[in-house]
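Open the model in your viewer and keep the selection panel at hand. This tour goes stop by stop: what to select, then what is there.

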Amino acid sequence: MENISKRNRIQLAAMQLFQEQGVDSTSVNEIVKRANVAKGTFYVYYKDKKELISQILTKKHGRMLNDLLNTSYEKAMKEGKHWMLALVEEMISFYENNPDILRMIQKNITNTLDTMEHRDQVLKEIERLQDILSILKKEHESTRQALNKFVLIMETTSFLCYNAIFYQQPDSLTEIKPLIMDTVEKLCK
């Protein structure tokens, strides 16, 4: 139990420091000091800061998508809309209301992590992935093609939200949201 506690303290300390001063500006020394553990304890759990970041983001990103998938399913059923459209609406709303999480995901996945490895780990966290893939999969498509479509929609939505929220590029989120929704609708037909 003590080991779990130390690991959780390391992850909590890292998350706090990453949010306060950014991932690149945070050292392992600062993390262990905040977590009140020995530096050697850090290396019992993680080979380096990159591995810690990967584990934190993978878990958070996967849980976030899983929660959004569940919420959007209920919304789709209630409103009679395509589940993928409801999911993208939920994602856009979530990112708009939680820009710090979006920033952490976008900046650190592309700068610090092996995105293919991260993506595979995130997908493993999504309990209802096969359900959404079966809805996306057209008669003549393979499951792999449906997965590619899902990943394309998720990553494009995240990337466009990030640029719209932080840089107003290609425009504001209000302006690009209808374009995102229209594109996703066409991909789902």
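Select N36. At 63% relative accessibility, N36 counts as exposed (over 50% relative accessible area; buried means under 20%, partly exposed in between, with a 1.4 Å probe and protein chains only). N36 sits in the loop between α2 (28–35) and α3 (39–45). Check its backbone: phi of N36 is near 60°, a positive value in a residue other than glycine.

A word on the source. This is a predicted model, in which local features need pLDDT of at least 70 and side-chain atom pairs count only at pLDDT 80 or more, while totals for chains, interfaces and linings use all residues. Residues are numbered from 1 along each chain as its sequence is written, and side-chain values use heavy atoms, with hydrogens and water left out.

**The whole chain**

Zoom out and colour by secondary structure. The protein has 10 helices and 0 strands. Helices here are DSSP runs (H or I, at least four residues), strands are E runs of at least two, and numbering starts at the N terminus. From that end, the elements run α-α-α-α-α-α-α-α-α-α.

Now look at the extent. The C-alpha atoms fill a box of roughly 55 × 35 × 30 Å, taken along the principal axes. Of the 189 residues, 43% count as buried.

Contacts come next, meaning heavy atoms within 4.5 Å. Among contacts with a separation of 6 or more, residues 24 or more positions apart account for 65%.

**The α9–α10 pair**

Select residues 143–167, helix α9, and residues 173–188, helix α10. Their axes come within 10 Å and cross at roughly 170°. Axes are lines fitted to C-alpha atoms, for helices over the stretch in contact, and angles run from 0 to 180 degrees between N-to-C directions. That makes α9 roughly antiparallel to α10 (over 145 degrees; under 35 is roughly parallel, 65 to 115 roughly perpendicular and the rest oblique).

Show side chains at the contact. From α9, pick K149, L152, I153, T157, L160, C161, A164 and I165. From α10, pick L173, I176, I180, V184 and L187. By class, this contact has 11 nonpolar, 1 polar and 1 charged residues. Nonpolar covers Ala, Val, Leu, Ile, Met, Phe, Trp, Tyr, Cys and Pro; charged covers Asp, Glu, Lys and Arg; the others, Gly among them, are polar.

Stay with the loop between the two helices. Q168 lies there. Phi of Q168 is near 55°, again positive in a residue other than glycine. At 45% relative accessibility, Q168 counts as partly exposed. P170 is in this loop too. Inspect the peptide bond from Q169 to P170: it is cis, with omega near -5°.

**The cores**

In soluble globular proteins, nonpolar side chains tend to be buried together. A nonpolar core is a set of buried Ala, Val, Leu, Ile, Met, Phe, Trp, Tyr and Cys residues joined through side-chain atoms within 4.5 Å.

Which residues touch the most other members of the largest nonpolar core? Select M84, L87, V88, I132, F150, M154 and V184, out of 37 residues. The elements that give two or more residues to this core are α4 (49–79), α5 (83–97), α6 (99–112), α7 (115–125), α8 (129–136), α9 and α10. Helix α5 supplies the largest share, 9 residues.

Centre on V184. Not counting residues up to four places away in sequence, V184 touches M84, L85, V88 and I153. A second, separate core has 20 residues, including I10, A14, Y46 and I53.

Go to Q106 in helix α6. Q106 is buried, with a relative accessible area of 13%. Beyond four places in sequence, Q106 touches S158, F159 and Y162.

R103 is also found in α6. At 35% relative accessibility, R103 counts as partly exposed.

Finish at K59, in helix α4. K59 is partly exposed, at 33% relative accessible area.
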